[in-house]
Amino acid sequence: MRHGKKFNHLGRKASHRKAMLSNMAASLILHKRISTTLAKAKELRKYVEPLVTRAKEDTTHNRRIAFSYLQDKEAIKALFGEVIEKVANRAGGYTRIIKTGFRLGDNAEMCIIELVDFNELMLKEAKPEKKKTRRSRRGSGKSEDAEAATEAKAEGAEEKTADAKEEKAPKAKKKAAETKAKTEKKPADKKAAEGDADSDEETKSE
């Protein structure tokens, strides 16, 4: 019975499959990225990543085990040298598979498999911009653009209030002048009324 034996045989005998994966692993370590079919890339990832993890501890025993898989002295030097220098702080996930479409002829799904830490373009995109940390009661720190916008709003509100005060000032002056004129007219009207009353009394007495 073949319970649990579900890995992809890739249409090859065991010896052929091992030799192919060994060559592909050595090429990936030396060149940092190779183009292959998606099925082979998925099997290669399972073959290479344990070797990279083992290479983090540079001992004679680990070098001999890696050599038994790769069978290439130059690949061993690159693995325990430049590859481990870049991969040292990464806890797994050393490779990336990028699909590239379908191959003409047999329509096989193609891809590129690469070592993650050697793709400079993606590393630049992945690095987030440093934000200025600032504590406030309102919550998370705002960006400089947001702060500039709030300052501009505050300035606009202050200008509006100043304009409104300026508009109200002449109106208040007019009202004050009108009230003064009314108060001045009232005593004159009273005097006129008193004069009319006196004249009426004089006419009555006559």
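In the predicted model, the structure holds 8 salt bridges. One of these pairs Glu82 with Lys32, the closest N and O atoms lying 3.0 Å apart. Glu82 belongs to helix H4, whereas Lys32 is located in the loop between H1 and strand S1 (33-37), so this contact ties together parts that are 50 residues apart in sequence. The two partners are classified as follows: Glu82 is partly exposed, at 40% relative accessibility, and Lys32 is buried, at 13%.

A salt bridge is also formed by Asp117 and Arg90, with a separation of 3.0 Å between the closest N and O atoms. Asp117 is placed in the loop between strand S3 (109-115) and helix H5 (120-126), and Arg90 in the loop between H4 and strand S2 (95-102); the pair therefore ties together parts that are 27 residues apart in sequence. Asp117 counts as buried, with a relative accessibility of 10%, while Arg90 is partly exposed, with a relative accessible area of 28%.

The side chains of Arg103 and Asp106 meet in a further salt bridge, at 2.8 Å from N to O. Arg103 is partly exposed at 35%, and Asp106 is partly exposed at 47%.

Positive phi values in residues other than glycine were found for Leu10, near 60 degrees, and for Gln71, near 55 degrees. Leu10 lies in the segment before helix H1 (14-31) and is buried, with 12% relative accessibility. Gln71 occupies the loop between helix H3 (60-70) and helix H4 (73-87) and is exposed, its relative accessible area being 54%.

Terms used
Residues numbered from 1 in each chain as written. Predicted model: local features only at pLDDT ≥ 70, side-chain atom pairs only at ≥ 80, totals over all residues. Heavy atoms only, no water. Helix = DSSP H or I, 4+ residues; strand = E, 2+ residues; numbered from the N terminus. Buried < 20%, exposed > 50% of the residue type's maximum accessible area, 1.4 Å probe, protein only. Salt bridge = Lys/Arg side-chain N within 4 Å of Asp/Glu carboxyl O.
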